[in-house]
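Please read the following points alongside the sequence and the model.

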Amino acid sequence: MSSKGKVASSVAGERINSELFTLTYGALVRHLLLDLESPEEVNKQLDRMGQNIGVRLVDDFLAKTNTTRCRNFKEAVKTIADTGFKMFLGIDAKVTQIGDKECKMVLNDNPLIDFVELPEKLEPLSYCNLLCGVIRGALEQVSMKVEVLISKDPLKGDERFELHMKLLEYINEEYPFADD
Amino acid sequence: MSQRGSVLPSLVDRHILTSKTRNDVGVGAFAFLFSEIVQYSQTRVSNVSELERKLADVGFDVGVRMLELLVHREKAGKRENRILGILSFLHTNVWKNLFGKTADSLEKGTSADDEYMISDHDLLVNRYISVPRDMGHLNCGAFAAGIVEGVLKSAGFPARVTAHSVASEGLSRPKTTILIKFAPEVIERDEKLGS
């Protein structure tokens, strides 16, 4: 109980093999498909799990990087693309078509989908839905309500992986009104 | 540049031959994902051993695929057919690929002929997990045990694999020991093959 020092030795930059991550994610998706009734349910569950991750991941992210407060959607999106993806997934992401409220983000390489092939009957499954939840959950913690959708997916035959993000509103921190 | 209908060779095949670990992911990504898996599993089970079973099942899937991948990459497609061979493959190749280092020790059980142990002082999956008191004997190393079981089973060495925490002197945290108990036919076969 006394020595807590060892925990601190895991530095910000520690990396692990992406294959463990990829295969573990794949195993999770498989188990969700077995546990839940429909691919749509799996999408929802993945999104929910992603959100839980995002909510906690943002702390980790802010603690380990020198990111200052993002003032607006544009800045937040750039931070995610430049630092966030690099730090957690080790990949580069590029923001394209950025506007005040909407943007598209292209991931050059998505480790989640390595070794994956979607059978035809799983067409409705959004395999990487976890990512959407993560981004949403993380941005929610910095007062931005966003909607994230996968707009292009190599698993469905597209050339690259692309996320479509849309800002819904800035959450007012002082007066948390109940949602409609 | 072949004239292929689809854009890429196939997502499935693309990375199989790259032997060096490509763009590694942050340890946080895995830790968060794993903790979600644990939490999700917890909602679907009623006791600790079921939870361990569930984690092991997830690990099993990883193990099966890891064997395919590593045998192809590092063993030129040759599979092990001896107990010692497959164990050292686990201890060295599999561990290195999954956790970035070889396991701390590989021992043969002293009490029974069919038992072997792989131990790790700082197992990645246990690093970020503190077990609540009311779930005392839970060991998330069950996930790693599942991986080992998956590798062994699909390599043709059915075994019962369990994870245990072993307190050891001089260490702040207990080490994780993965106990492997081979099925009788595996031992028999190994004896037949002789030395």
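1. Leaving aside neighbours within four places in sequence, Val125(B) is in contact with Phe30(B), Phe34(B), Cys140(B), Gly141(B) and Phe143(B), where contact means heavy atoms within 4.5 Å. Val125(B) lies in helix H4 (residues 124-127) of chain B. Helices (H or I, at least four residues) and strands (E, at least two) are DSSP runs, numbered from the N terminus.

2. Is Val125(B) buried or exposed? Val125(B) is buried, as its relative accessible area is 2%; buried means under 20% relative accessible area, exposed over 50%, and partly exposed in between (1.4 Å probe, protein chains only). Val125(B) and Ser35(B) stand 90 residues apart in sequence, and their C-alpha atoms are 9.0 Å apart in space.

3. The model is predicted: local features need pLDDT of at least 70 and side-chain atom pairs count only at pLDDT 80 or more, while totals for chains, interfaces and linings use all residues. Residues are numbered from 1 along each chain as its sequence is written, chains are lettered from A and ligands numbered from 1 in the order in which they are written, and side-chain values use heavy atoms, with hydrogens and water left out.

4. Two packed helices are described by the angle between their axes and the distance between the axes. In chain B, the axes of helix H1 (residues 27-43) and helix H2 (residues 48-74) come within 9 Å and cross at roughly 130°. That angle makes H1(B) oblique to H2(B); angles under 35 degrees count as roughly parallel, over 145 as roughly antiparallel, 65 to 115 as roughly perpendicular and the rest as oblique.

5. Which residues bring H1(B) and H2(B) together? Ile37(B), Val38(B), Ser41(B) and Gln42(B) of H1(B) meet Leu51(B), Lys54(B), Leu55(B) and Val58(B) of H2(B). The residues of this contact comprise five nonpolar, two polar and one charged. Here Ala, Val, Leu, Ile, Met, Phe, Trp, Tyr, Cys and Pro count as nonpolar, Asp, Glu, Lys and Arg as charged, and the others, Gly among them, as polar.

6. Chain B contains six helices and five strands, in the order β-α-α-α-β-β-α-α-β-β-α from the N terminus. Of its 195 residues, 48% count as buried.

7. Chain A has five helices and five strands, following the pattern α-β-α-α-α-β-β-α-β-β along the sequence. Buried residues make up 48% of the 180 residues in chain A.

How values were computed: Axes fitted to C-alpha atoms, helices over the stretch in contact; angles between N-to-C directions.
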